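Hi,

Here is the structure I promised to pass on. Have a look at it first, and then read my notes below.

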Amino acid sequence: MSVLIAYCTCPDRASADTVADALVRERLAACVSQLPGVRSTYRWEGRVEHGQEVLLMIKTTRDQLDSLTVRVRALHPYELPELIAVEAVGGLAPYLDWVLEQTRDDD
């Protein structure tokens with residue numbers, strides 16, 4: 001099982017807190033770091049837009065990604081939320097093990 005870092009932007013702190021809390025509480029993520037003050041430039045409905053956002057760095061696993069994606073879609077206020085996952089190809093082994101442990105189902 002591999003560790004992933006998923007990136008997701010939210011329009012404000014309240015929605016970022018909602019998403020982060022749910023993902024950690026439901027064991028879909030071991031940790032979610034919030035980086036406020038991100039300025040995004042993007043094309044939406046034919047226009048170039050600018051917006052202040054909060055970037056979430058979601059530490060999860062490949063096994064949880066599909067469930068995490070469904071949950072983000074349900075909680076996120078955007079019509080089309082950004083959610084991009086990249087594999088952690090290295091890192092501190094005890095931390096990576098902790099991510100795996102925290103995202104296991106307790107069944």
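**The hairpin and its neighbours**

Strand 2 and strand 3 make a hairpin with 2 residues between them, and E45 in that turn has a positive phi of about 50°. Before going further, please keep in mind that this is a predicted model.

If you want a spot to check by eye, V38 has E53 in strand 3 as its bridge partner. Strand 3 also pairs with strand 1 (residues 3-10): those two run antiparallel as well, joined by 8 bridges. There, L4 stands opposite T60 of strand 3. When you look at these strands, remember that side chains in a regular strand alternate between the two faces of the sheet.

Next, the largest pocket, with a volume of about 300 Å³. Strand 2 (31-44) and strand 3 (47-61) are the elements that give two or more residues to its lining. Strand 2 gives the most, with 5 residues. In total 13 residues line the pocket, and Y42, W44, E53, Y78 and L80 lie nearest its centre. By class, the lining has 5 nonpolar, 3 polar and 5 charged residues.

Q64 sits in the loop between strand 3 and helix 2 (65-75). Is Q64 buried or exposed? Its relative accessibility is 9%, so Q64 counts as buried, the cut-off being under 20%. A polar atom of the Q64 side chain lies 3.5 Å from the backbone oxygen of R27.

**The aromatic pair**

How many aromatic pairs are there? The count comes to 1. The pair is Y95 with W98, 5.5 Å centre to centre. Its planes are 35° apart, and the pair is tilted, because planes count as stacked under 30 degrees and as edge-to-face over 60. Both residues belong to helix 3 (residues 93-102), where Y95 and W98 are 3 residues apart, about one turn of the helix. Y95 is partly exposed, at a relative accessible area of 34%, and W98 is partly exposed too, at 32%.

That's what I have so far.

Cheers

Terms used: Residues numbered from 1 in each chain as written. Predicted model: local features only at pLDDT ≥ 70, side-chain atom pairs only at ≥ 80, totals over all residues. Heavy atoms only, no water. Phe/Tyr/Trp six-rings, centres within 6.5 Å; stacked < 30°, edge-to-face > 60°. Helix = DSSP H or I, 4+ residues; strand = E, 2+ residues; numbered from the N terminus. Buried < 20%, exposed > 50% of the residue type's maximum accessible area, 1.4 Å probe, protein only. 1 Å grid on protein atoms, 1.4 Å probe; cavity = no way out; pocket = protein on both sides within 12 Å on 5 of 7 lines; lining within 4 Å. Points joined across faces, edges and corners; volume = space filled by probe spheres on them. Nonpolar A, V, L, I, M, F, W, Y, C, P; charged D, E, K, R; others polar. Pairing = 2+ DSSP bridges. Polar contact = N/O pair within 3.5 Å; in protein donor to acceptor, adjacent residues only side chain to side chain.
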